[in-house]
Amino acid sequence: MKKADFYILAGADIDARQHFLGKLLQRILSADHQVYLYCSDEYSAEKISEFLWQFHPSSFLANKLVTDEVDAPITIGWPQNHRASHRDVIVNLSEHTPKGAESFERIAEIVIQQPQALENSRIRYKEYRQNGFQIQHNDMRPKAQI
């Protein structure tokens with residue numbers, strides 16, 4: 001069954017969201033999944049790519065934009081260049097449901113505590129459920145207090 005994982009973070013901080021994204025991607029890749037990141041626009045995609053290449057002082061997360069001609073375990077796209085080469089895992093970093101999201105086996109959403117982001121997450125939750133995804137909530141807020 002297809003799954004949609006919602007990771008609920010404690011704050012509205014974009015830096016915390018990016019840090020969590022890096023840890024999530026490490027986990028996804030260690031389980032031998034292919035990953036497609038979907039961003040709001042090309043600028044956001046480029047910024048995420050830069051962040052992933054510098055994720056940790058002693059490591060990086062190899063990635064490529066869909067417009068690059070190289071191979072990498074993480075591909076990053078956006079609405080005007082939305083071309084996933086697989087249908088394994090998509091991490092949605094935009095405020096909208098990616099076109100064709102229902103064709104992926106797994107969707108990951110990182111939810112921050114910002115009113116518009118929360119409202120958009122609720123809309124996507126309903127869309128995924130209507131498309132037959134099994135929804136999993138991963139409340140990261142208690143872990144942030146440790």
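Guide: Buried means under 20% relative accessible area, exposed means over 50%, and partly exposed lies in between (1.4 Å probe, protein chains only). This is a predicted model, in which local features need pLDDT of at least 70 and side-chain atom pairs count only at pLDDT 80 or more, while totals for chains, interfaces and linings use all residues. Residues are numbered from 1 along each chain as its sequence is written, and side-chain values use heavy atoms, with hydrogens and water left out.

Visitor: How do you know that the span of H1 is close to the expected one?

Guide: The expected span of a helix is 1.5 Å times one less than its number of residues. H1 (residues 14–30) has 17 residues and reaches 24 Å from its first C-alpha to its last, close to the 24 Å expected.

Visitor: What is found at the two ends of H1?

Guide: At the start of H1, a side-chain oxygen of Asp13 comes to within 2.6 Å of the backbone nitrogen of Asp15. Just after H1, Asp32 takes a positive phi of about 60 degrees, and Asp32 is a residue other than glycine.

Visitor: Why is Asp32 called exposed?

Guide: Asp32 has 69% relative accessibility, and the limit for exposed is over 50%, so Asp32 counts as exposed. Asp32 sits in the loop between H1 and S2.

Visitor: And Ala101, why is that residue called buried?

Guide: The relative accessible area of Ala101 is 1%, under the 20% limit, so Ala101 is buried. Ala101 lies in the loop between S5 and S6. Leaving aside neighbours within four places in sequence, Ala101 is in contact with Ile107, Tyr128 and Phe133.

Visitor: What makes Tyr128 and Phe133 a tilted aromatic pair?

Guide: Rings of Phe, Tyr and Trp (its six-membered ring) pair if their centres lie within 6.5 Å; planes under 30 degrees apart count as stacked, over 60 as edge-to-face and the rest as tilted. By this rule the count comes to seven aromatic pairs. Tyr128 and Phe133 are 5.8 Å apart centre to centre, with 55 degrees between the planes, so the pair is tilted. Tyr128 is buried at 1% relative accessible area, and Phe133 is buried at 5%. Together with Phe6 and Tyr125, these residues form one aromatic cluster.

Visitor: Why is Glu95 called partly exposed?

Guide: Glu95 has a relative accessible area of 29%, which falls between 20% and 50%, so Glu95 is partly exposed. Glu95 is placed in the loop between S5 and strand S6 (106–111).

Visitor: What makes the link between Glu95 and Asn120 a polar contact?

Guide: A polar contact is a pair of N or O atoms within 3.5 Å; within protein, one must be able to donate a hydrogen and the other to accept it, and residues adjacent in sequence count only if both atoms are side-chain atoms. The side chains of Glu95 and Asn120 are joined at 2.8 Å, so the distance is within the limit.

Visitor: How do you know that S3 and S4 pair?

Guide: Two strands pair if DSSP finds at least two bridges between them. S3 and strand S4 (residues 74–77) have three bridges, so they pair, and they do so in the parallel sense. Asn63 has Ile74 as its bridge partner in S4.

Visitor: Which strands does S2 join?

Guide: Four bridges join S2 to S4, and the two run parallel. Four bridges also join S2 to strand S5 (residues 89–92), again in parallel. Val35 stands opposite Val89 in S5, and Tyr38 has Gly77 as its bridge partner in S4.

Visitor: In the whole sheet, what makes S3 and S7 the edge strands?

Guide: The open sheet has seven strands in the order S3-S4-S2-S5-S6-S1-S7, with parallel pairing. Strand S3 (63–65) and strand S7 (134–139) each pair on one side only.

Key. Contact = heavy atoms within 4.5 Å.
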